[in-house]
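Subject: Structure handover

Hi,

Here is the structure for you to look over. My notes follow below it.

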Amino acid sequence: MMTGQGTLAVVIGGGNGIGEETARLMAERGWRVVIADRDPAAADRVAADVGGAAVTLDIADAAAVDAACAAIEAAHGPVGALVVAAAVFQDVLPPAELPLAVWERTVQVNLSGTYYANRAFGTRMAHHGRGSIVNIASIAAIGSVPVHAYASSKAAVVSLTLNLAGEWGRAGVRVNAVSPGSTLVPRVAERIKSGRYAADPAEFTALGRIVQPREVAESIEFLASDRASAITGINLVVDAGWHVAGTWAQYGGVRPAPVRTVTPAGAAG
Ligand SMILES: NC(=O)c1ccc[n+]([C@@H]2O[C@H](COP(=O)([O-])OP(=O)(O)OC[C@H]3O[C@@H](n4cnc5c(N)ncnc54)[C@H](O)[C@@H]3O)[C@@H](O)[C@H]2O)c1
């Protein structure tokens with residue numbers, strides 16, 4: 001399936017995790033990919049693997065985002081798709097113990113950075129009359145979780161996405177969000193291994209398992225591509241059913257699968 005057709009895609013936060021997986025999938029599907037990340041070694045590694053370009057960028061620096069956007073267009077031509085996957089995370093803390101500096105940096109990177117990137121790339125896309133933006137929010141945006149700065153910043157990313165979808169729709173620019181649940185990127189695998197979650201995240205999903213990075217990348221690439229040509233302003237949740245199963249804990253949790261008594265048609269026995 002070659003859905004990219006040589007279109008230029010910029011993946012901010014493409015040096016690791018979901019952004020990296022998205023960059024790899026897009027390259028496989030025929031997109032030309034630029035990996036922008038705060039971590040130059042990570043951006044270089046992924047760019048080398050996918051035959052793309054690497055840009056070092058702190059998304060929280062509006063002037064740097066504007067400059068990178070102009071430089072990417074000058075070097076590679078108009079950008080057809082933008083994926084914003086860069087974010088910072090926080091420890092689980094009550095408000096009185098959460099340093100204000102952490103609150104401010106989280107909002108600055110996750111919300112303001114996403115706005116700076118949408119503003120820079122989206123405005124140019126609107127002038128070109130074509131483009132697609134996918135902002136990565138989180139299931140934390142629609143639930144209640146004890147990471148107050150992170151979750152609030154992600155809820156605001158969903159709101160920003162809806163607003164900009166309305167803003168640029170007539171200019172031919174689609175803006176959507178993808179909200180992953182717990183996804184087994186190396187960072188999350190490390191948290192599970194070191195016992196930093198109180199319980200296995202898989203226990204709280206309807207499907208009884210964690211999300212794989214490739215499954216999130218598939219949704220991002222779909223929304224970026226022309227296969228989603230009539231879709232704008234949505235928040236696509238990719239969480240293995242975390243938001244539907246969480247409330248079942250009060251009733252004893254999600255029921256296990258029943259013992260299979262029906263044999264598939266045509267099977268012996
Ligand atoms: N992994 C999950 O379980 C999960 C769940 C819900 C939402 N998300 C969201 O998915 C996105 C990707 O998360 P991930 O788990 O792959 O994270 P990750 O830490 O594996 O990768 C994030 C990348 O963003 C880069 N980055 C961080 N701050 C940056 C900045 N200021 N400027 C530029 N680049 C920066 C990092 O260097 C890194 O390469 C994030 O928006 C995150 O909030 C992840």
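First a term: contact means heavy atoms within 4.5 Å. Axes are lines fitted to C-alpha atoms, for helices over the stretch in contact, and angles run from 0 to 180 degrees between N-to-C directions. Helices (H or I, at least four residues) and strands (E, at least two) are DSSP runs, numbered from the N terminus.

The model is predicted: local features need pLDDT of at least 70, side-chain atom pairs count only at pLDDT 80 or more, and totals for chains, interfaces and linings use all residues. Residues are numbered from 1 along each chain as its sequence is written, and side-chain values use heavy atoms, without hydrogens and water.

Sheet and helix

Helix α2 (residues 40-50) lies across β2 (32-37) and β3. The helix runs at about 170 degrees to β3. Seven strands make an open, parallel sheet, ordered β3-β2-β1-β4-β5-β6-β7. Two strands pair if DSSP finds at least two bridges between them. Neighbouring strands are turned by 20 degrees on average, direction ignored. Four bridges join β4 (residues 81-84) to β5 (residues 131-136), which run parallel. V83 stands opposite V134 in β5.

I231

I231 sits in the loop between α7 (213-224) and β7. I231 is partly exposed, with a relative accessible area of 25% (buried is under 20%, exposed over 50%, partly exposed in between; 1.4 Å probe, protein chains only). Not counting residues up to four places away in sequence, I231 touches R174, N176, F222 and L223.

Regards
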